[in-house]
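Subject: Structure for your files, with notes

Dear colleague,

Please find below the structure I said I would pass on. My notes on it follow, and I would be glad if you read them alongside the model.

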Amino acid sequence: MTHIKVNVDGTTYEDDVEPRLLLAHYLRDRLGLTGTPIGCDTSNCGACTVDLNGATVKSCSVLAVQADGGEVTTIQGLARDGEWTALQRAFHERHGLQCGYCTPGMIMAARDLLRENPHPTSDEVRQALEGNLCRCTGYQNIVRAVLAAADGENSPGRAEAGQGAASGQQVTEEATA
């Protein structure tokens, strides 16, 4: 067993874990953060995408011990005081989901894109999301949702588009669906 200390969604956790435990399983099974789904367990689908130390990663391809001393933000850590981010609202309002299984990963990847490029083109959105698979949609509404968030159509303040809470926030069950 290896001792780790990691900040997840603003809360610090210390645990003894097996060195082979994947971050996705640590988040879901140990911490109960089921908003991070495991879609394929092979890093192909992107459903389990989270933010680790400022970069998006597929949590099924990262060991929990690699997060030791780091900060992880999951889909459940994005809302502030129960209020969705502009990106989360855009996915809801623009029907950027169907079954919702890929949505957490799509939102986390789109969030990363909007941090780097606040005003992407449709092609740039598609390129940024190419590592995230959706089996239900034709991606058009997902792209529309990201572009709407970038344009500030779903938020009172354009600056919040795609930005999440820095720490310690919880999101309601429906925000992750």
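Contact in these notes means heavy atoms within 4.5 Å. This is a predicted model, in which local features need pLDDT of at least 70 and side-chain atom pairs count only at pLDDT 80 or more, whereas totals for chains, interfaces and linings use all residues. Residues are numbered from 1 along each chain as its sequence is written, and side-chain values use heavy atoms, with hydrogens and water left out.

To begin with the overall picture, the protein has six helices and five strands, where helices (H or I, at least four residues) and strands (E, at least two) are DSSP runs numbered from the N terminus. Along the sequence these elements follow the pattern β-β-α-β-β-β-α-α-α-α-α. Of the 177 residues of the protein, 49% count as buried, a class that means under 20% relative accessible area, with exposed meaning over 50% and partly exposed lying in between (1.4 Å probe, protein chains only). Among the contacts in the protein with a separation of 6 or more, 62% are accounted for by residues 24 or more positions apart.

Serine 59, in the loop between E4 and strand E5 (71–73), counts as buried at 0% relative accessibility, and, leaving aside its neighbours within four places in sequence, serine 59 is in contact with Leu22, Leu23, Ala24, Leu27, Thr36, Cys48 and Val50. Leucine 27 belongs to helix H1 (residues 23–30) and is likewise buried, with a relative accessible area of 0%. Not counting residues up to four places away in sequence, leucine 27 touches Val8, Gly32, Leu33, Thr36, Val50, Ser59, Val72 and Thr74. From threonine 74, leucine 27 is 47 residues apart in sequence, and the two are 8.8 Å apart in space, C-alpha to C-alpha.

Aspartate 15, placed in strand E2 (residues 11–17), is joined side chain to side chain with tyrosine 26 by a polar contact of 2.5 Å. A polar contact here is a pair of N or O atoms within 3.5 Å; within protein, one must be able to donate a hydrogen and the other to accept it, and residues adjacent in sequence count only if both atoms are side-chain atoms. Beyond four places in sequence, the residues that aspartate 15 touches include Thr2, His3, Ile4, Arg30 and Leu31.

Turning to helix packing, the axes of helix H3 (residues 103–116) and helix H5 (residues 140–150) come within 11 Å and cross at roughly 40 degrees. That angle makes H3 oblique to H5, since angles under 35 degrees count as roughly parallel, over 145 as roughly antiparallel, 65 to 115 as roughly perpendicular and the rest as oblique. Met106, Ala110, Leu113 and Leu114 of H3 make the contact with Ile142, Val146, Ala149 and Ala150 of H5.

Serine 43, in the loop between H1 and strand E3 (49–52), has a phi of about 70 degrees and is partly exposed, with a relative accessible area of 28%. Asparagine 53, in the loop between E3 and strand E4 (55–58), has a phi near 55 degrees and counts as exposed at 51% relative accessibility.

Key:
Axes are lines fitted to C-alpha atoms, for helices over the stretch in contact, and angles run from 0 to 180 degrees between N-to-C directions.
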